[in-house]
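Hi everyone, thanks for having me. Please take a moment with the sequence and the model on the screen, and then I'll walk you through a few places in it.

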Amino acid sequence: MSVSTGSNHCSVNSKNKVVELSATWTIENAHFQLNPFPDLLESPPMYLNDRTQTWYICISRERYGIKVSMKVVCADDVRGEYEIWIINEDGEKITLTERQILNCSYKTISMTASDFQSKWIIDDRIVLYGEMKVITLPKNGETSNTSKAQLIPPDVYLNKLSLLEDQKFTDVILVCGKDKFKVHKAILVAHSSVFRAMFNSDMKESSTNRVEIDDLDYEVVEQMLHFIYTDKAPKVHLMADRLLGAADKYDLVGLKIVCEQALCEQLSVENALQMLAFANRHNTKLLASQAKTFLAKNIEEAMLTKDWLDLVAKLSVQNEEN
């Protein structure tokens, strides 16, 4: 099981101390963890600020279905609302809970545990994505420090990062041009079905414990590994397109979602057409949908861009040849 913060967003209102948070929870080995279906399954703890608040995404079995909810444990009075989605095999967000009041209400999904498992377990994992908007009201009347929101368990993050940086107990080498990355087979296999198939077959990588990567540059592989180990890609907004290609190649669902979200935020009149083509090439339906919507709303401006004119010219030539 791993926790991913995806693209964390923080917006603080100096008067009301409203903080917006988002987090992704990937449940690995889901068939084992959800069979039999537990009375309660919680995500690993996710800490806010100085660890005074501990957050959990929860799945539980209720009398009339499956309950998916968010809870917080802290000494302060926390009020707010949240919404939780599940990420399907196409990378689309499917709503599990409509907007709910924190700790006050929840929606029970009207399906049995077996139906939940058969519908949402993909490649032996389930990916949940949650968004929260909360206000912290200290019980002692003091002002809470909400100037910096962070849904990352620092101890887990640092420990996993040290594994990558210290290169202790590594058993696989990824070769990228002249550069080499010493990594751990178990961690690669736990996060990527491609690596899992690679090392569980008669392919040469399985016997040599050496993987040649000749279609990705050093920085992309470095960020990809950073995400595999820590569920965080610090440079995603600088290379979201290249990272998405890597995520698609190695079936890294969490990284693909993060890259899609970053690219959606970068949509513009000048690049929307390219984004749409890129989304179709990598089967990223969320980005494709956002690009189509953006183009529809800005069609007049888009038709004046070089990309649009080049596409029209290309189609005209093809029609003449046919």
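Let me start with a definition: buried means under 20% relative accessible area, exposed means over 50%, and partly exposed is in between, using a 1.4 Å probe and protein chains only. With a relative accessible area of 14%, Y47 is therefore buried. Before we go on, this is a predicted model, in which local features need pLDDT of at least 70 and side-chain atom pairs count only at pLDDT 80 or more, while totals for chains, interfaces and linings use all residues. Residues are numbered from 1 along each chain as its sequence is written, and side-chain values use heavy atoms, with hydrogens and water left out.

Back to Y47, which sits in strand β4 (residues 46–48). Helices (H or I, at least four residues) and strands (E, at least two) are DSSP runs, numbered from the N terminus.

Next, find T97 in strand β8 (residues 93–101). Is T97 buried or exposed? T97 is buried, because its relative accessible area is 0%. From the C-alpha of T97 to that of W85, 12 residues away along the chain, the separation is 6.9 Å.

W85 has a charge over its ring, too: the charged end of K93 sits 4.3 Å from the ring centre. For that we ask that NZ of Lys or CZ of Arg is within 6 Å of the ring centre and within 35 degrees of the ring normal. Likewise, K71 lies over the face of Y56, 5.2 Å from the centre of the ring.

How many aromatic pairs does the structure hold? There are 4. Rings of Phe, Tyr and Trp (its six-membered ring) pair if their centres lie within 6.5 Å; planes under 30 degrees apart count as stacked, over 60 as edge-to-face and the rest as tilted. F181 and Y218 have ring centres 5.1 Å apart and planes at 20 degrees, so this pair is stacked. It links distant parts of the chain, 37 residues apart: F181 is in strand β12 (residues 179–183) and Y218 in helix α7 (residues 218–230). F181 counts as buried at 10% relative accessibility, whereas Y218 is partly exposed at 36%.

F195 and Y250 are stacked as well, at 4.6 Å centre to centre and 5 degrees between the planes. Here F195 belongs to helix α5 (residues 193–199) and Y250 to helix α8, 55 residues apart. F195 is buried at 0%, and Y250 is buried at 2%. Together with F199, these two form one aromatic cluster.

Last stop: the largest pocket, with a volume of about 290 Å³. On a 1 Å grid over the protein atoms alone, a pocket is an open set of points where a 1.4 Å probe fits, with protein on both sides within 12 Å along at least five of seven lines; lining residues have an atom within 4 Å of a point. Grid points are joined across faces, edges and corners, and the volume is the space filled by probe spheres set on the points. The lining has 22 residues, with N88, E89, G91, D251 and V253 nearest the centre. Which helix gives the most to this lining? That is α9, with 4 residues. In α9, 11 of the 13 residues are buried, including L255, I257 and L263.
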